[in-house]
Amino acid sequence: MPILLNRRQILTGLLGLGASVAFASPVEQVSTHLVDLEWQRLATDPWFFDIIDVDGTISESTAVEPSVYSDLFHIAEADLATTAGLINQVERYAPLTAVFRMTAVSELEDVGDQLLRGNATLEPKERKSLRALEADLEDEENGWAELVRHEGEASLPRFRAMVQEWLADSIEWELLETFPRYCGGQGIALSFFEDLSHDVRSALDIEIVDGDQPGSSYVGAQLRSGIDEANAIAAELGLPFRFRDAS
């Protein structure tokens with residue numbers, strides 16, 4: 001049975017990747033005749049996807065790979081306007097939580113020193129407050145949140161600065177439990193191939209992997225067949241894209 005190709009949809013996807021498509025209007029508004037002409041042009045000068053590893057992972061070759069946390073995550077200033085909002089944002093990102101936990105450890109040492117040095121001079125109310133904070137900070141998992149609550153709104157600029165500094169920091173991939181599904185070249189390629197029909201993916205022998213083993217966060221589109229074989233099928237179908245080895 002012939003494979004039906006949604007040329008308009010595929011050209012829209014390639015245009016989103018950066019392919020040069022000669023339309024004066026959005027793809028959905030141009031005539032079928034113009035879509036067919038542009039399809040034929042791209043079929044002779046196709047867009048290339050990279051195969052980046054031995055598993056056949058497909059990546060979009062022109063994508064800029066994320067390097068700092070702000071390339072992956074967006075935290076708006078409005079999300080950090082209150083202590084509750086800030087705590088909520090920090091809890092969402094394991095590497096950022098780790099930063100605040102380290103701060104809590106340092107604060108615990110400082111509080112201990114204050115209690116030791118000021119044992120005779122601290123006012124009873126201040127001593128009671130410090131001892132309560134010390135007890136909260138001894139909770140290794142959640143002490144950082146109690147620190148933020150204890151310091152209150154007056155210390156929000158300090159904590160917001162910590163968040164901004166983290167966003168500008170280099171990504172430590174091993175610390176990430178999850179990350180945006182469609183980030184970087186691999187994620188962009190995944191989005192494109194997810195949008196293709198099952199019949200086209202099946203013909204090319206492309207599999208969408210959503211966790212390659214229990215507990216895995218790996219997601220991606222993988223070419224199971226060889227590159228030459230897939231390119232031959234793509235040419236036979238008249239598709240305006242091909243694959244190349246970039247491993």
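Leaving aside neighbours within four places in sequence, Ser225 is in contact with Leu204, Asp205 and Ala230. The model is predicted.

- Ser225 sits in the loop that runs between strand 4 (219-223) and helix 10 (227-237).
- Ser225 counts as buried because its relative accessibility is 11%, and the cut-off for buried is under 20%.
- A polar atom of the Ser225 side chain lies 3.3 Å from the backbone oxygen of Leu204.
- Asp205, one of the contacts of Ser225, belongs to the loop between helix 9 (198-204) and strand 3 (206-210).
- The phi of Asp205 is positive, near 65°, in a residue other than glycine.
- Asp205 has a relative accessibility of 35%, so it counts as partly exposed.

**Glu107 in helix 4**

- Glu107 is placed in helix 4.
- Is Glu107 buried or exposed? Glu107 is buried, because its relative accessible area is 16%, and buried means under 20%.
- The side chain of Glu107 makes a polar contact of 2.6 Å with the side chain of Arg158.
- Beyond neighbours within four places in sequence, Glu107 touches Leu137, Leu147 and Arg158.
- Leu147, in that contact list, is itself one of the buried residues of helix 6.

**Helix 6 and what follows**

- Helix 6 covers residues 143-151.
- Its buried residues are Gly143, Trp144, Ala145, Leu147 and Val148.
- Which helices do the buried residues of helix 6 pack against? They pack against helix 3 (83-92), helix 4, helix 5 (124-137) and helix 7.
- Gly152 follows helix 6 and has a positive phi, near 75°.

**The second largest pocket**

- The volume of the second largest pocket is about 170 Å³.
- Its lining is made up of Tyr69, Pro95, Ala98, Val99, Met102, Met162, Glu165, Trp166, Asp169, Glu172 and Leu175.
- Two elements give two or more residues to this lining: helix 4 (94-117) and helix 7 (156-167).
- Helix 4 contributes the most, with four residues.
- By class, the lining residues divide into eight nonpolar and three charged, with no polar residue.

- Helix 8 (residues 184-195) has 12 residues.
- From first C-alpha to last, helix 8 reaches 17 Å, close to the 16 Å expected at 1.5 Å a residue.
- Which residues of helix 8 are buried? They are Gly184, Gly185, Gly187, Ala189, Leu190, Phe192 and Phe193.
- The C-alpha of Asp195 is 8.2 Å from that of Gly13, although 182 residues separate them along the chain.
- Gly13 lies in helix 1, which spans residues 7-17.

Key. Residues are numbered from 1 along each chain as its sequence is written. This is a predicted model: local features need pLDDT of at least 70, side-chain atom pairs count only at pLDDT 80 or more; totals for chains, interfaces and linings use all residues. Side-chain values use heavy atoms; hydrogens and water are left out. The expected span of a helix is 1.5 Å times one less than its number of residues. Buried means under 20% relative accessible area, exposed over 50%, partly exposed in between (1.4 Å probe, protein chains only). On a 1 Å grid over the protein atoms alone, a cavity is a set of points where a 1.4 Å probe fits but cannot get out, and a pocket is an open set with protein on both sides within 12 Å along at least five of seven lines; lining residues have an atom within 4 Å of a point. Grid points are joined across faces, edges and corners, and a volume is the space filled by probe spheres set on the points. Ala, Val, Leu, Ile, Met, Phe, Trp, Tyr, Cys and Pro count as nonpolar, Asp, Glu, Lys and Arg as charged, and the others, Gly among them, as polar. A polar contact is a pair of N or O atoms within 3.5 Å; within protein, one must be able to donate a hydrogen and the other to accept it, and residues adjacent in sequence count only if both atoms are side-chain atoms. Contact means heavy atoms within 4.5 Å.
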